[in-house]
Amino acid sequence: MASIKKRATPEYEEGVPMDMSPMIDMTFLLLVFFMVASHLITVQIDRRVNAPTAKNAQVAKDTTGRIVINVLEDGGVFGYDQEDLPTSEAIEDYVDSIKKANDDKGMTTRLNLRADKKVDTRVIKKVVQAAGKAGVNEVIFGSLTVEKDEK
Amino acid sequence: MARKPLPSEPDPALDMSPMIDQSFLLLIYFLVTSTLEPTEADLAMTMPTSQAAAGSEHVDIDMTTIDVNSAGHVVMNDEVLDTDASSREVPLLLDRLHTYVEAAKLTGSEPMVIIKADDSAKGQRFIDVLNALADPSVNISKVTITGFSEK
């Protein structure tokens, strides 16, 4: 009798297993989401630009109508899709072409200048001046609100 | 012989705990790494244009000049203020700007700042000055940049 009882107990427990598939589904869903989301954020900005620190910078509310220009530490100026803009004229033409497209859509154009913190101010002035000539007078400097650790 | 343990029955259930452990580990890893990267915020400035001036009412503009020299020293109205270029704080400049903004309020004129940055001044120092202008207690968004020269 005793041996029969002992064998009956595990059989009874095996009959009601917890269904873990929904939990695993959710875990994978979240895992895939964070993998994809973390990648999406990094492709939007040029990783070569080491943004400066400004405590009073505001988190962007409206990102429409922005012209992104990246300025690297060595003074190289690049557009959103890595277009090389070596001269003031090239920057002016680049800004002007996007501004015209934005004007057609009824959007206000703003310059989002992502300048490296170690770049000479000469390059920043060059880009701002060229954008001003193209008729864009609102400039947003991309900056971090907290200091990033130096690698 | 009769007390010999019964031959163990093959367990058909797949042990899913290691997989769930791994999934959670990866999930937590991506959660943590995706928040470690600081997000870029906006530091905005508006350059006054002739168009805007023509459209709006006549407002007295009280202008002041802030110089950033090649060593990163901040100079306002020929007075050398903050000289530590490695610090992100500009307390003396902030103090002078408070006085300047208060004076502009009393006279009913609009404050406007001209930033004259040296060509070889670093981008971060220029941003430090803009950051001081964006301080909630100062809040000057009308900024002009001068001292541009094409080389």
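Q: What makes the pattern of chain B, read from the N terminus on?
A: The elements of chain B run α-β-α-β-β-β-α-β-α-β. Chain B has four helices and six strands. Chain A has four helices and four strands, in the pattern α-α-β-β-α-β-α-β.

Q: How do you know what kind of model this is, and which parts of it count?
A: This is a predicted model, in which local features need pLDDT of at least 70, side-chain atom pairs count only at pLDDT 80 or more, and totals for chains, interfaces and linings use all residues. Residues are numbered from 1 along each chain as its sequence is written, while chains are lettered from A and ligands numbered from 1 in the order in which they are written. The pLDDT is the predictor's confidence in each residue, from 0 to 100; chain B averages 81, and 82% of its residues score at least 70. The model has ipTM 0.71 and pTM 0.71.

Q: How do you know how many residues of chain A are in contact with chain B?
A: Two residues are in contact if their C-beta atoms, placed from the backbone, lie within 7 Å. By that test, 47 residues of chain A are in contact with 39 residues of chain B. On the chain A side, α2 (21-44), α4 (121-133) and β4 (138-144) each supply at least two residues. The largest share, nine residues, comes from α2(A).

Q: What makes up the side of chain A that touches chain B, by class?
A: It has 24 nonpolar, 13 polar and 10 charged residues. Ala, Val, Leu, Ile, Met, Phe, Trp, Tyr, Cys and Pro count as nonpolar, Asp, Glu, Lys and Arg as charged, and the others, Gly among them, as polar.

Q: Why do β2 of chain A and β1 of chain B stand at the edges?
A: Five strands form an open sheet in the order β2(A)-β1(A)-β3(A)-β4(A)-β1(B), with mixed pairing. Each of the edge strands, β2 (77-78) of chain A and β1 of chain B, has a single partner strand, so one side of each is left without a neighbour in the sheet.

Q: What makes the span of α4(A) agree with its 13 residues?
A: The expected span is 1.5 Å times one less than the number of residues. For α4(A) this should be 18 Å, and its end C-alpha atoms are 18 Å apart, which agrees.

Q: Why are some residues of α4(A) called buried?
A: A residue is buried if 20 or more other C-beta atoms lie within 10 Å of its own, exposed if 12 or fewer, and partly exposed in between, with C-beta atoms placed from the backbone. Of the 151 residues of chain A, 32% count as buried; of the 151 residues of chain B, 25% do.

Conventions:
Two strands pair if DSSP finds at least two bridges between them.
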